[in-house]
Structure formats: structure tokens, C-alpha cells
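Colleague: Please take me through this model slowly. I would like each label set against its rule.

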Amino acid sequence: MIVYESAEARERNPADTERFDKSWEALKAAGIEIGRVMCASADDITEGEAMDIVSQRGLSALPISIYQGVSISVGEYPSDQDLADFLDAPDGTLSVNK
């Protein structure tokens with residue numbers, strides 16, 4: 001999984017950003033890596049579907065989460081349930097179980 005985000009996107013919804021940061025840390029501690037790309041421009045986006053979304057909607061579409069080439073969330077961080085399900089996170093790692 002890779003998450004494209006921007007400083008503006010992080011400031012737009014601080015509660016969602018804080019939740020995702022905690023979940024990212026918990027997953028990392030469990031050995032599950034999520035790529036994160038801080039975008040200053042559309043040139044920072046390398047995934048096909050994410051590039052298409054940003055070309056149509058601009059950077060205001062961030063954050064965008066891509067899993068196996070497909071977007072699973074646009075305009076918000078992936079939920080803990082999505083993270084648990086897509087990444088097969090061990091029960092107890094996140095606020096929800098798979």
C-alpha cells in the first residue's frame with residue numbers, strides 16, 4: 001500500500017490525520033510497511049490511478065491510498081478497518097480487528 005498525501009491534506013482533517021499516523025506507527029511496529037509520499041506537486045505521484053485522480057481533481061483529492069494499483073480511499077486516509085482487511089493486520093494491532 002502507498003499513501004499519497006500533502007501538507008494541505010494533513011491540515012484539512014487533523015483528527016483523521018492523527019488517527020492514521022497512530023495506525024501507521026502500530027502497523028510499522030507489527031512489521032507491516034505502508035509507503036507514504038508527501039506531495040508538493042502532481043509530479044510526486046507515480047501510481048497510474050492516483051495520477052489520473054489528481055489530473056482530474058488536483059491535489060485537493062489527496063490523500064489517496066493505493067493498494068495493488070487500485071485506489072481504496074480518496075480525500076481521506078484509509079479506515080482502520082480497510083487497513084486491517086487489506087494488510088491482514090494481526091488482531092489487536094489497530095482499533096478494529098479483521
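Modeller: Start with contact, which means heavy atoms within 4.5 Å. Helices (H or I, at least four residues) and strands (E, at least two) are DSSP runs, numbered from the N terminus. The model is predicted, with local features needing pLDDT of at least 70 and side-chain atom pairs counting only at pLDDT 80 or more, while totals for chains, interfaces and linings use all residues. Residues are numbered from 1 along each chain as its sequence is written, and side-chain values use heavy atoms, with hydrogens and water left out.

Colleague: What do the buried residues of α4 pack against?

Modeller: They pack against α2 and β3. Buried means under 20% relative accessible area, exposed over 50%, and partly exposed in between (1.4 Å probe, protein chains only). In α4, the buried residues are D80, L83, A84 and L87.

Colleague: Why are the buried residues of α4 said to line one face of the helix?

Modeller: Seen down the axis of α4, they fall within an arc of 100°, so they line one face. The arc is that of the directions from the helix axis to the C-beta atoms. Just after α4, D88 has a positive phi of about 55°.

Colleague: Why is F20 called buried?

Modeller: F20 has 0% relative accessibility, so F20 counts as buried. Y77 is also buried, because its relative accessible area is 3%. F86 is at 32%, so F86 counts as partly exposed.

Colleague: Which residues touch the most other members of the largest nonpolar core?

Modeller: A nonpolar core is a set of buried Ala, Val, Leu, Ile, Met, Phe, Trp, Tyr and Cys residues joined through side-chain atoms within 4.5 Å. The largest has 14 residues, and M1, F20, L27, I34, L83, L87 and L94 touch the most other members. Helices α2 (14-29) and α4 (80-87) each supply at least two residues of this core. A second, separate core of twelve residues includes I2, Y4, I45 and A50.

Colleague: What is S23 in contact with, leaving aside its neighbours within four places in sequence?

Modeller: S23 is in contact with D80, L83 and L94. S23 lies in helix α2 and is buried, with a relative accessible area of 4%.

Colleague: Why are β2 and β4 said to stand at the edges?

Modeller: Two strands pair if DSSP finds at least two bridges between them. The open sheet has four strands in the order β2-β1-β3-β4, with mixed pairing. β2 (35-38) and β4 (70-74) each have a single partner strand, so one side of each is left without a neighbour in the sheet.

Colleague: How do you know that β1 and β3 pair?

Modeller: Strand β1 (residues 2-5) and strand β3 (residues 64-67) have three bridges, in the antiparallel sense, and the rule asks for at least two. V3 stands opposite S65 in β3.
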